[in-house]
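Please keep the sequence and the structure in view while reading.

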Amino acid sequence: MVSAFSTELGLVLGQEKVAGKSNEITARIVEKGGDYLLAVKGNQPTLHQQVRDLISDAQRATDGFKHVDTAHGRTVLQLSWVAASGAEIDPELWPGRKTVGCVVSQRVVGDKVAELEARYYISSRSLSAEELTRTVRAHWAIENRLHWMLDVCFGEDDCMIRKDHAPQN
């Protein structure tokens with residue numbers, strides 16, 4: 001299931017079941033006038049490497065955008081870079097793709113410093129490094145305001161109903 005979630009309103013605008021490992025959702029989003037920002041992970045090795053190569057060039061060319069957030073007893077440092085998606089990235093698989101990005105973060109809680117963590121993204125919007133950082137942080141609202149509610153309040157993860165259309169419902 002893919003949810004279209006408004007981070008500003010804290011509201012699910014729609015949900016749709018998509019085929020496993022399908023990119024068709026990006027085409028529908030762009031077709032309807034929306035934009036996507038999707039994490040690029042190791043389970044998409046070709047895209048992951050293409051994004052890493054583009055970002056590597058951007059990291060050599062600019063200092064990127066630096067953001068420090070101190071709250072709840074922890075400090076999170078984030079460094080972000082963006083690059084134009086380039087012709088390397090297949091437009092059939094990623095319609096409307098314009099920007100790739102990387103956010104490298106490090107969390108410090110007390111005297112414990114976590115390892116650096118790099119996350120890669122692809123977007124149908126032209127984003128600056130600062131806009132990427134802000135958008136990625138806003139995306140966590142779906143985890144905190146939607147998934148947490150479904151998991152904790154409604155016990156969705158504990159539901160054992162697997163028959164017919166029940167999982168979708």
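This is a predicted model: local features need pLDDT of at least 70, side-chain atom pairs count only at pLDDT 80 or more; totals for chains, interfaces and linings use all residues.

## Salt bridges

In one of them, the side chains of D35 and R125 come together with an N to O distance of 3.7 Å. This pair joins distant parts of the chain, 90 residues apart: D35 belongs to the loop between α1 and β3, and R125 to the loop between β8 (117-123) and α3 (129-153). D35 has a relative accessible area of 43%, so it is partly exposed. R125 likewise counts as partly exposed, because its relative accessibility is 46%.

Another salt bridge is formed by D69 and R137, whose closest N and O atoms are 2.7 Å apart. Here too distant parts of the chain are linked, since D69 sits in strand β4 (residues 65-71) and R137 in helix α3, 68 residues apart. D69 is partly exposed, with a relative accessible area of 24%, and R137 is partly exposed at 34%.

A further salt bridge brings together the side chains of D57 and R60, at 2.5 Å from N to O. Both residues lie in helix α2 (residues 45-61), where they are three residues apart, or about one turn of the helix. What sets the two partners apart in accessibility: which is partly exposed, and which is exposed? D57 has a relative accessible area of 44% and is therefore partly exposed, whereas R60, at 62%, counts as exposed.

## The aromatic pair

How many aromatic pairs does the structure hold? There is one aromatic pair. The ring centres of Y36 and W94 are 6.5 Å apart and the ring planes stand at 50°, so the pair is tilted. The two residues come from distant parts of the chain, 58 residues apart: Y36 is in the loop between α1 (24-31) and β3 (37-40), while W94 is in the loop between β5 (74-84) and β6 (99-109).

Are these residues buried or exposed? Y36 is buried because its relative accessibility is 3%, under the 20% limit for a buried residue. W94 is also buried, with a relative accessible area of 6%.

## The hairpin of β1 and β2

Strand β1 (residues 2-6) pairs with strand β2 (residues 11-16) in the antiparallel sense, over five bridges. Within this pairing, F5 is opposite V12 in β2. Four residues lie between the strands of the hairpin, and G10 adopts a positive phi near 65°.

A nonpolar surface patch of about 330 Å² is made by L9, L11 and L13. Of these residues, L13 is located in strand β2. L13 counts as exposed because its relative accessibility is 60%, over the 50% limit for an exposed residue.

## The chain as a whole

The chain contains three helices and eight strands. Along the sequence, these elements follow the order β-β-α-β-α-β-β-β-β-β-α.

Of the 169 residues in the chain, 25% are buried. Among the contacts with a separation of 6 or more, 55% are between residues 24 or more positions apart.

Technical notes
Residues are numbered from 1 along each chain as its sequence is written. Side-chain values use heavy atoms; hydrogens and water are left out. Two strands pair if DSSP finds at least two bridges between them. Rings of Phe, Tyr and Trp (its six-membered ring) pair if their centres lie within 6.5 Å; planes under 30 degrees apart count as stacked, over 60 as edge-to-face and the rest as tilted. Buried means under 20% relative accessible area, exposed over 50%, partly exposed in between (1.4 Å probe, protein chains only). Contact means heavy atoms within 4.5 Å. Patches are made of residues with over 30% relative accessible area and no salt bridge: like charges are joined within 9 Å, nonpolar side chains (Val, Leu, Ile, Met, Phe, Trp, Tyr) within 5 Å. Accessible areas come from the Shrake-Rupley method with a 1.4 Å probe; for residues, only the protein chains shown count as cover. A salt bridge is a side-chain nitrogen of Lys or Arg within 4 Å of a carboxyl oxygen of Asp or Glu.
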